[in-house]
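Open the model in your viewer and keep the sequence panel beside it. This tour tells you what to select at each stop.

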Amino acid sequence: MHLFAPSVPDASATHVQSVRGKSFHSASSNVKRKTRKRKERKSPSGFYPVPRQRGGPADLGEATAERSALGSLASALIDLTAGAAGGVACVVSGQPFDTVKVKLQTFPHLYRGFLDCSLKTYRQDGLWGLYQGTTPALLANATENAVLFACYGSCQQIICSIFALDGVSKLSDLQNAAAGSLASVFSSMVLCPTELVKLFRHVPLVQVKSIVQQDGLAGLFQGMTSTWLREVPGYFFFFGGYEICRTLLTPAGQSKDEMDATRLLVSGGFGGAFFWLAVYPIDSVKSRIQVLSMSGKQAGFFITLVNIVRREGVPALYCGLTPTVLRAFPSNGALFLAYELTKQVLTGQTSTH
């Protein structure tokens, strides 16, 4: 027996070293393979693509844009609905005055004035005669005012963008007037044919059919030029007068949105009066062109204007002004009251959802 025999390596220790060696070698190989794969996935610019995390700035921007788009759509629908409600209120409160106005404008030689026309209409057709054509007038006015106020709201946003204002509430009275004037350019395209139908409610419907048969749908746009000449300046005074009166009648320490119903009625009445006082002669020519288009295509706005002044004099351009201004106060007051109240209710319901 040797006292110093050579040591024999333990089998278990040799096994552990072998396993550890293999594990280290395997881990090293995995790291190399992953490095090669990452190099293969490098973008052309040399940067590794970073996956976009949800909830980051891009998602927030998209969500904000989506909410803004939905808000604009909801606002347009609210203006559309509120305008239609205002149109219905306008017709119900002012239909008798409108009937007399159209008759005086179209057939001035048959009546001596507002009272004479009202009495003759009442004697011939009764009270219903003053409300004749209410159904088509309701449809026409609801459509007209729905489009007008929807365009008005959009044009207010455009004016805000031009002058870099935070919201519609920051617009001045003149800026609101400019928005109304701009809106009338688009609303006139709906207004012209509907007003033609309103005029024809006082004459046989067969004449409307004959115009469509002779001139096609373009015949319904007789008087388009005079409609624009009336609407663009007229609605500047309409919305401008309304907003100025609201500013003057708003108590100190309050905003326009807190105005009561009485002040809204008065402001709307003045807005309507300013509209007709500014553009009534243009409206007279427009009505004459549209009604006389039954007998053939008219010469145009300026030639018709000159012919009226030469044959009938300047006062003929103001026939029916009295019932129109009298009608403007209750009907346009009711229009703006219904518009503002409907808008407040719908806006409140939208904000709660």
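**Before you start**

This is a predicted model, in which local features need pLDDT of at least 70, side-chain atom pairs count only at pLDDT 80 or more, and totals for chains, interfaces and linings use all residues. Residues are numbered from 1 along each chain as its sequence is written, and side-chain values use heavy atoms, leaving out hydrogens and water.

**Stop 1: the whole chain**

Show the chain as a cartoon. How many helices and strands does the chain have? It has 11 helices and 0 strands. Helices (H or I, at least four residues) and strands (E, at least two) are DSSP runs, numbered from the N terminus.

Now colour by accessibility. Of the 353 residues in the chain, 40% are buried. Buried means under 20% relative accessible area, exposed over 50%, and partly exposed in between, with a 1.4 Å probe and protein chains only.

Turn to contacts, meaning heavy atoms within 4.5 Å. Take those between residues at least 6 apart in sequence: 78% of them join residues at least 24 apart.

**Stop 2: the largest nonpolar core**

Select Phe149, Phe239 and Phe336. Within the largest nonpolar core, which has 27 residues, these three touch the most other members. A nonpolar core is a set of buried Ala, Val, Leu, Ile, Met, Phe, Trp, Tyr and Cys residues joined through side-chain atoms within 4.5 Å. Two or more residues of this core come from each of α2, α5, α6, α8, α9 (261–292) and α11. Which helix gives the largest share of this core? That is α5, with 7 residues.

Zoom in on Phe336. Leaving aside neighbours within four places in sequence, Phe336 is in contact with Phe149, Phe238, Phe239, Tyr242 and Gly268.

**Stop 3: the largest pocket**

Select Gln156, Val168, Ser169, Asp257 and Lys343. Among the 27 residues that line the largest pocket, these five lie nearest its centre. The space in this pocket comes to about 730 Å³. On a 1 Å grid over the protein atoms alone, a pocket is an open set of points where a 1.4 Å probe fits, with protein on both sides within 12 Å along at least five of seven lines; lining residues have an atom within 4 Å of a point. Points are joined across faces, edges and corners, and the volume is the space filled by probe spheres set on them.

Colour the helices around the pocket. At least two lining residues come from each of α2 (57–106), α5 (134–162), α6 (173–200), α8 (224–249) and α11 (321–352). Helix α11 gives the most, with 6 residues. By type, the lining holds 9 nonpolar, 10 polar and 8 charged residues. Here Ala, Val, Leu, Ile, Met, Phe, Trp, Tyr, Cys and Pro count as nonpolar, Asp, Glu, Lys and Arg as charged, and the others, Gly among them, as polar.

**Stop 4**

Select Glu231, which sits in helix α8. Is Glu231 buried or exposed? Glu231 counts as buried because its relative accessibility is 0%. Not counting residues up to four places away in sequence, Glu231 touches Ser184, Ser188, Leu191 and Phe275.

Next, pick Glu243, also placed in helix α8. Glu243 has 5% relative accessibility, so it counts as buried. Beyond its neighbours within four places in sequence, Glu243 is in contact with Tyr152, Asp173, Asn176 and Lys256.

**Stop 5: Val100**

Move to Val100 in helix α2. Val100 is buried, at 2% relative accessibility. Its contacts, leaving aside neighbours within four places in sequence, are Phe114, Cys117, Ser118, Leu130 and Pro323. The C-alpha atoms of Val100 and Cys117 are 6.3 Å apart.

**Stop 6: cysteines**

Show the cysteine sulfurs. The structure holds 0 disulfides, a disulfide being a pair of cysteine sulfur atoms within 2.5 Å. For Cys155, the nearest cysteine sulfur is that of Cys151, 6.2 Å away. Cys155 is buried, with a relative accessible area of 3%, whereas Cys319 is partly exposed at 25%.

**Stop 7: a loop and a proline**

Select Ala164, in the loop between α5 and α6. Ala164 is not a glycine, yet its phi is positive, at about 55 degrees. At 65% relative accessibility, Ala164 is exposed.

Finish at Pro330 in helix α11. Pro330 is partly exposed, at 34% relative accessibility. Gly269 is 61 residues from Pro330 along the chain, with 6.2 Å between their C-alpha atoms.
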